[in-house]
Amino acid sequence: MSRYLITGASGFIGRRLSEYLSSQGHEVWALLRQPGEGIWTKTFCCEIGEDPLPDSLLEGVDGVFHLANVAHTDLTGSDVERYWQVNVMGTKALLQAVADAGVSRFVYFSSVKAAADPGEECVDERWDQMPDDDYGRSKREAEQLVLAEGKRSGMHVCNLRPSLVYGEEVKGNLSRMLQAVRQGRFPPLPEFGNRRSMVALDDLISAAWLVMENAKANGQTYIVADGMGYSPRELYEAMCKELGLAIPRWEIPLHLLRFCAAAGDALEWLVKWKMPFNSQALMRLTGSACYRAERIQKDLGWQPQHTFFDVLPQIIQGLQSSELERGVGMDSRNV
């Protein structure tokens, strides 16, 4: 039995990783922002990047999975400093503590956003253009810190760059889209022909375990994606079918979407408040973000086992369970 520390262990990915490690007979310690319940043997609390790391955090730890970060949100103004404080300085402090404690293995959960958006190309790790936003730059700098510490100390290190992760209890844009489709608030988009990469949560967990254990992963950075290219229209139709909803015969025209996005931008400028639909939202609907995970497949033999369409029933079931726990009823025809 080995002992592993997971930072950000209470999050969407961290909880599933904790469950997996525990199921394999390993002891799991958790570093959390605030007290929480889980299957962890031991928990510690601190604001990484702000507070000193707790005493004995790394005592007897064999490996660290570092997930704690400020996620890709719309921080603006002075708030963007949190990206650097948590994602960069927090990672730096943790790496130093890990090296000092003699921990031998470290896996960093980065993001495909650590490189610039690839446009219409489908790219692999050789696409290494610098990102143009603060979040992406902070993730790139953290990756570089990880690789540098590996070279300096001889520690086994690896960076994972997941594409958009889907699974039961998923949060973020996918959850919001599913809610909007279920409530009839998501417009029937045309097929733009764009492709966006994603990966199943359980497939990401299997990749994380491989790079922790396999010596070939040392010093590497791997994209993790399921090999499919999803368009928003395909996701929309799949959600409608799984929810038992009729797919509308009409589609909202692109020129109307552009008009609404421009109106959202104008309102943001006037009221200084984030609008639910603007040019950035339109770009996410019409643009591509396609990534290839061939390197991790070739080096480590990793193979994705799931697609979004396979996992969608579980996602909907998770949404139903969550709403029932909160006392929010779901329309029976939609479940």
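Reader: What kind of model is it?

Author: It is a predicted model. The protein chain has ten helices and eleven strands.

Reader: What share of the residues is buried?

Author: Buried residues make up 46% of the 335. The accessible surface of the chain comes to about 16500 Å², and 50% of that belongs to carbon and sulfur atoms.

Reader: What share of the contacts joins residues at least 24 apart in sequence?

Author: Take the contacts between residues at least 6 apart in sequence. Of these, 74% join residues at least 24 apart.

Reader: Now the aromatic rings. How many aromatic pairs does a search of the whole structure find?

Author: The search finds ten aromatic pairs. One of them is Tyr 4 with Phe 65.

Reader: Why is the pair of Tyr 4 and Phe 65 called tilted?

Author: Two values decide. The centres are 5.7 Å apart, and the limit for a pair is 6.5 Å. The planes make 50 degrees. Stacked needs under 30 degrees and edge-to-face over 60, so this pair is tilted.

Reader: What makes Tyr 4 and Phe 65 a tie between parts of the chain?

Author: Their places do. Tyr 4 lies in strand β1, residues 3-7, and Phe 65 in strand β4, residues 63-66. The pair therefore ties together parts that are 61 residues apart in sequence.

Reader: Why do Tyr 4 and Phe 65 count as buried?

Author: The cut-off is under 20% relative accessible area. Tyr 4 has 2%, so it is buried. Phe 65 has 0%, so Phe 65 is buried too.

Reader: Why is the pair of Tyr 166 and Phe 308 called edge-to-face?

Author: The ring planes stand at 85 degrees, so the pair is edge-to-face. The centres are 5.6 Å apart. Tyr 166 is in strand β8 and Phe 308 in helix α10, so the pair ties together parts 142 residues apart in sequence. Both Tyr 166 and Phe 308 are buried.

Reader: Which residues form one aromatic cluster?

Author: Tyr 4, Tyr 20, Phe 65 and Trp 209 form one cluster.

Reader: What makes Lys 42 a charge over the ring of Trp 29?

Author: The charged end of Lys 42 is 5.0 Å from the ring centre. The limit is 6 Å, with a second limit on the angle. The charged end of Lys 42 does sit over the ring.

Reader: How do you know that Cys 122 and Cys 290 form a disulfide?

Author: Their sulfur atoms are 2.1 Å apart. The cut-off is within 2.5 Å, so the two form a disulfide. The structure holds one disulfide. With -60 degrees about the S-S bond, the link is left-handed.

Reader: What does the pair of Cys 122 and Cys 290 tie together?

Author: Cys 122 lies in strand β6 and Cys 290 in strand β11, so the pair ties together parts 168 residues apart in sequence.

Reader: Are Cys 122 and Cys 290 buried or partly exposed?

Author: One of each. Cys 122 is at 30% relative accessibility, so it counts as partly exposed. Cys 290 is at 13%, so Cys 290 counts as buried.

Reader: How do you know that Cys 46 is in no disulfide?

Author: The nearest cysteine sulfur, that of Cys 45, is 8.1 Å away. A disulfide needs 2.5 Å or less. Cys 46 is buried, with a relative accessible area of 7%.

Reader: Why is the sulfur of Cys 240 too far for a bond?

Author: The closest cysteine sulfur, in Cys 260, is 19 Å away, so it is too far. Cys 240 counts as buried, at 2% relative accessibility.

Reader: What makes the phi of Ser 56 worth a look?

Author: Most residues other than glycine have a negative phi. Ser 56 is not a glycine, yet its phi is positive, near 65 degrees. Ser 56 is in the loop between β3 and β4. At 32% relative accessibility, Ser 56 counts as partly exposed.

Reader: Why is Pro 52 called exposed?

Author: Exposed means over 50%. Pro 52 is at 70% relative accessibility, so it counts as exposed. Pro 52 lies in the loop between β3 and β4.

Technical notes. Residues are numbered from 1 along each chain as its sequence is written. This is a predicted model: local features need pLDDT of at least 70, side-chain atom pairs count only at pLDDT 80 or more; totals for chains, interfaces and linings use all residues. Side-chain values use heavy atoms; hydrogens and water are left out. Rings of Phe, Tyr and Trp (its six-membered ring) pair if their centres lie within 6.5 Å; planes under 30 degrees apart count as stacked, over 60 as edge-to-face and the rest as tilted. Helices (H or I, at least four residues) and strands (E, at least two) are DSSP runs, numbered from the N terminus. Buried means under 20% relative accessible area, exposed over 50%, partly exposed in between (1.4 Å probe, protein chains only). A charge sits over a ring if NZ of Lys or CZ of Arg is within 6 Å of the ring centre and within 35 degrees of the ring normal. Contact means heavy atoms within 4.5 Å. Accessible areas come from the Shrake-Rupley method with a 1.4 Å probe; for residues, only the protein chains shown count as cover.
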